[in-house]
Each structure stands twice: as structure tokens, then as C-alpha cells.
Amino acid sequence: IKKNCCGCYACYNTCPKDAISIENDFEGFKYPLVDTERCIDCHLCEKVCPVINVEPEIANQNQKGYLLQIKDDDIRKHSTSGGAFTAIASWIIKQGGVVFGAALDNENYEVHHRYTESLDGLEQFRISKYVQSHVDDCFIKVKKFLREGRWVCFSGTPCQIEGLYHYLRKKQYEKLILVDVVCYGIPSPGVFKDYMQWKQKEIGGKFKRILFREKILSYNYTSFSVYNEDPKKNYHKGVESEQFMRSFFSNINVRPSCYDCRFKKRYRVSDFTIWDCYDVKAFSLNFDENGTNRMLVHTAKGEQILDEIRHDVRLEGYNDIDYFIEDEIAMTESVPMNSRRELFFADYRSLRMPELM
């Protein structure tokens with residue numbers, strides 16, 4: 001049942017016989033496909049599935065909340081929020097570690113998880129990507145680096161984080177740092193790719209950079225920007241008029257599992273949960289309005305990392321966690337399904353992209 005697959009790639013990474021491939025369905029989402037001739041019925045794929053084995057939510061009395069801004073204003077300018085991920089990831093790199101994150105390929109219009117061992121490499125992971133990323137074989141690489149004794153930071157959506165957690169068979173690696181983001185839901189990678197190919201033909205030129213949530217007008221305004229080799233053909237639109245963004249936020253092209261997400265919860269298996277703080281003045285008068293992260297720290301290891309980066313960030317603790325997360329509905333509630341979703345994907349299969357949009 002498709003609503004029971006979040007597309008985390010845990011099964012793909014764990015299969016000892018490479019009997020699982022990841023294939024597109026007619027909605028443009030990726031799902032595992034089992035080669036029954038190669039399968040040996042070891043059931044490892046079932047044992048690592050985060051949906052089958054979803055972690056129960058257990059209250060964590062040591063959970064703490066923080067507001068955070070990275071002090072490097074250039075990094076913050078080019079981050080979606082306050083630069084919390086870069087601050088954490090930079091510390092990992094400086095320990096000789098490895099950082100995994102989602103990177104957008106501006107030529108193929110696909111988002112893939114990759115890793116970097118350099119501070120410069122962190123740039124590709126900044127800025128939100130409103131498309132599901134393909135994890136590929138990154139879980140295998142994470143385990144390899146951990147066994148070599150290196151620090152590893154893995155960032156992703158909550159389902160990807162629990163996918164990795166179960167792939168590692170819940171083993172508590174001392175040097176593994178997990179960072180999840182509060183996720184609204186995941187739109188179709190296939191629809192996004194087809195949409196961008198249409199836009200490229202419509203606009204012309206060559207696309208250099210695609211940015212979701214760029215702070216071109218205001219941190220509090222959701223926009224979509226495409227930078228072209230010909231600056232006259234740069235494309236900037238807000239969420240109220242940009243068609244792909246409208247399709248996403250109208251909940252019409254979201255992955256089936258997102259309508260009943262098993263990972264919407266306050267207490268998580270990650271070390272850090274990070275998200276936006278648009279109305280920062282409602283929480284503190286000590287921060288400007290050019291981008292701030294709210295952060296939940298779930299583990300003692302997360303607190304230790306936060307203490308290590310304290311000199312690189314502006315940081316303020318927040319004690320009333322209930323109020324701290326109250327307005328962030330996406331943390332605990334699944335996105336509602338648009339009643340016209342089935343019709344949308346029927347049209348996706350039969351119409352040209354400009355007609356669909």
C-alpha cells in the first residue's frame with residue numbers, strides 16, 4: 001500500500017542481495033521494487049522499515065528549546081532560516097567528519113542526498129528544497145564512515161532520519177549526529193522535474209541556480225527563484241502566483257504517506273529538530289527578523305554539540321516548550337489531502353505541463 005511507504009531508501013540500502021530497486025510510479029514518486037528471483041526471504045527490508053517499526057513517542061523530560069542565529073551574516077543570508085544546520089555541520093567538518101544533506105541538481109532538476117568533507121561543500125545543503133530527495137546508497141556510506149571512527153552528521157526529513165535509525169538497527173553510534181527538519185509534506189519529484197523542464201523551455205537561457213524560500217524580499221515571504229545565465233531571464237515569483245508552489249501548498253501533489261505521516265511528533269529519535277521562527281519577537285526581543293531557527297535538542301549529545309558551537313551563534317534558551325511549538329502545526333499534524341488529488345494526477349498523465357498547471 002503506497003501510503004505505507006515514505007520513500008526513505010532504508011530497505012534499498014539494507015538488502016544483502018541487491019534485490020531491491022527504486023522505481024518511479026505514475027505520480028512521479030519513488031517506490032521499492034523487489035526482484036523475487038534474487039530475494040532470499042531474509043526479511044531485513046521489513047526489519048529496517050521505519051513505517052512498519054515506527055518508534056513510539058516517549059516523553060523526554062530533558063528536551064530543551066532554543067532560538068538560534070549563526071553569527072556569520074553572509075551564511076545566514078544564504079540560509080533558509082538562521083543557519084543552525086551550518087553551525088552544527090561546520091563543527092562536524094572541523095573534527096574531520098562527514099556531513100550528509102540534500103542537494104539540488106540544477107541541470108537534472110532532481111534532489112539527491114550527498115556528503116561533503118569540506119566547509120565549502122556545505123553550501124549545496126543550504127536553502128530548503130520543496131522536493132523529496134533520493135537518498136540512494138547514503139545509509140551504507142554513513143555506516144562505513146562511522147565504522148572508521150569518524151564524526152557523521154546526517155540531515156533530512158523525519159522519515160529519512162528514522163529510516164537511517166532503523167537501518168543502523170538503533171545502534172547508538174557515539175559520533176553520529178542526526179538533524180531533522182520540521183516537514184510540511186513532500187511534493188512529487190516527477191512533477192517538479194517535468195515542471196522545470198517546461199519552465200526552461202518557456203523562459204529560455206540556461207538555469208544556473210534554483211532557490212526555494214530565498215530571502216529576496218523578506219524572510220517571512222515564501223518565494224521561488226531561478227537564476228539564469230542571462231540575468232534578464234531571471235525568474236522570481238511568490239507563493240501566491242508560482243504554479244508549482246501553489247500545487248504543493250494546495251496539498252494536491254503530496255506523497256500518499258504524508259497524509260498520514262507516522263513521524264509527526266514532538267519527541268524524536270534525532271539529536272536536533274530545527275525549523276523557522278518567522279515571528280521571532282513573539283519569543284524574544286534579542287534577535288533581528290532576518291532569519292532565526294527554532295530548535296529542539298533531544299539528547300545529551302546534542303547539548304554537547306550546542307555547547308561546542310556556542311561562540312559561533314547567538315543562542316537563547318526557551319523554557320515553555322508547549323508555547324514554543326504551539327504554532328508549528330506541521331510538527332505534529334499531517335497535511336490534509338486535497339479532494340481533487342486523484343483528478344490532478346489523472347491530468348498529469350494525460351495533459352501537457354502548461355495545460356496541467
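Analyst: The buried residues of H6 (158–167) pack against helix H1 (10–14), S5, helix H5 (138–147), S6 and S7. Helices here are DSSP runs of H or I with at least four residues, strands are runs of E with at least two, and both are numbered from the N terminus. Contact means heavy atoms within 4.5 Å. This is a predicted model: local features need pLDDT of at least 70, side-chain atom pairs count only at pLDDT 80 or more, and totals for chains, interfaces and linings use all residues. Residues are numbered from 1 along each chain as its sequence is written, and side-chain values use heavy atoms, with hydrogens and water left out.

H6 is mostly covered: 10 of its 10 residues are buried. Buried means under 20% relative accessible area with a 1.4 Å probe, protein chains only; exposed is over 50%, and partly exposed lies in between. The buried residues of H6 include Cys 159, Glu 162, Tyr 165 and His 166. After H6 comes Arg 169, with a positive phi near 60 degrees.

Now the partner helix. H5 has these buried residues: Cys 138, Phe 139, Val 142, Lys 143, Phe 145 and Leu 146. They sit on the same side of H5, because they cover an arc of only 165 degrees around the axis. That arc is taken from the directions from the helix axis to the C-beta atoms. The buried residues of H5 pack against H1, S4, S5, S6, H6 and S7. Gly 149 follows H5, and its phi is positive, near 85 degrees.

Of its 21 lining residues, the closest to its centre are Tyr 165, Gln 172, Arg 268, Val 269 and Thr 299. A pocket is an open set of points on a 1 Å grid over the protein atoms alone, where a 1.4 Å probe fits, with protein on both sides within 12 Å along at least five of seven lines; lining residues have an atom within 4 Å of a point. The lining divides into nine nonpolar, four polar and eight charged residues. Nonpolar covers Ala, Val, Leu, Ile, Met, Phe, Trp, Tyr, Cys and Pro; charged covers Asp, Glu, Lys and Arg; the others, Gly among them, are polar.
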